[in-house]
Amino acid sequence: MDEDQFDIELQALHLVENNNYNSDNTNHVTTPQNDSGKSFLTRCHWKEAAKKALHLSDPWEEFHLEQLETEVVCRYRFNAIRQTWIKDEVLVKIAKEPFSHGAMRSCFRLKKLSTFCHRQNWRSASNYVAKRYMEDVDCNVYFEDVKLQIDAKLWGEEYNRHNHRKKWIYSKCL
């Protein structure tokens, strides 16, 4: 990661920390009525994890995705609350060969440039996994899959909001 990108991301971390910091920082005792202490500790843990993540090297560096052809693609994002789709164009580099597959889909390594990035620095671009059906399917199948996954994520978050004993964890490729 280049020095400018690191500085920008560190500044963003500080902004998030400052915006989320409880102005009444004298009482950090966790009680049923006041969980500011728990929230403060959670922010500290996230901040430490983010600092460590900024210093990690790219786990996909050995695959040299930055050397692949840049493609302009349409990205569709689903807003489950409004039940609407958002469409925009993004720059990606995607591997030609799948690195794995499941019963129905193949998985491809993909790098996506941030839409806020002013320079095309592919070494610091975010890593994603793109999935494609192994058999030809109608385009609507992809849209229905995304809607189903987003709805499942929302229901999982709603379940966790009720503070049940078991928490379900969702992950994102880094």
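This is a predicted model: local features need pLDDT of at least 70, side-chain atom pairs count only at pLDDT 80 or more; totals for chains, interfaces and linings use all residues.

Residues are numbered from 1 along each chain as its sequence is written, and side-chain values use heavy atoms, with hydrogens and water left out.

**Salt bridges**

- A search of the whole structure finds eight salt bridges, a salt bridge being a side-chain nitrogen of Lys or Arg within 4 Å of a carboxyl oxygen of Asp or Glu.
- One of them joins Asp58 to Lys111, with the closest N and O atoms 2.7 Å apart.
- This pair links distant parts of the chain, since Asp58 is in the loop between helix 2 (36–55) and strand 1 while Lys111 is in strand 4, 53 residues apart; helices (H or I, at least four residues) and strands (E, at least two) are DSSP runs, numbered from the N terminus.
- Lys111 counts as buried because its relative accessibility is 1%, where buried means under 20% relative accessible area, exposed over 50% and partly exposed in between, with a 1.4 Å probe and protein chains only.
- Arg75 and Asp88 also form a salt bridge, their closest N and O atoms being 2.7 Å apart.
- Arg75 lies in strand 1 and Asp88 in strand 2 (residues 84–94), so this pair ties together parts that are 13 residues apart in sequence.
- Arg75 is partly exposed, with a relative accessible area of 21%, whereas Asp88 counts as buried at 19% relative accessibility.

**Helix 3**

- Helix 3 (residues 139–161) has 23 residues, which at 1.5 Å a residue should span 33 Å, and its end C-alpha atoms are 34 Å apart, which agrees; the expected span is 1.5 Å times one less than the number of residues.
- The buried residues of helix 3 are Asp145, Gly156 and Asn160, and what covers them includes strand 4 (105–112) and strand 5, where contact means heavy atoms within 4.5 Å.
- Within helix 3, Glu157 and Lys153 lie four residues apart, about one turn of the helix, and they form a salt bridge whose closest N and O atoms are 4.0 Å apart.
- Glu157 is partly exposed, with a relative accessible area of 34%, and Lys153 also counts as partly exposed at 40% relative accessibility.
- Helix 3 is followed by Asn163, whose phi is positive, near 60°.

- Lys112, placed in strand 4, is buried yet has no salt bridge, and the nearest side chain of opposite charge, that of Asp88, is 7.2 Å away; Lys and Arg count as positive and Asp and Glu as negative, while His and the chain ends are not counted.
- Leaving aside residues up to four places away in sequence, Lys112 touches several residues, including Arg75, Val92, Trp122 and Tyr128.

**Surface patch**

- Tyr76, Trp85 and Val146 make a nonpolar surface patch of about 240 Å²; patches are made of residues with over 30% relative accessible area and no salt bridge, with like charges joined within 9 Å and nonpolar side chains (Val, Leu, Ile, Met, Phe, Trp, Tyr) within 5 Å.
- Tyr76 is in strand 1 (residues 71–79) and counts as partly exposed at 38% relative accessibility.

Definitions and conventions:
Accessible areas come from the Shrake-Rupley method with a 1.4 Å probe; for residues, only the protein chains shown count as cover.
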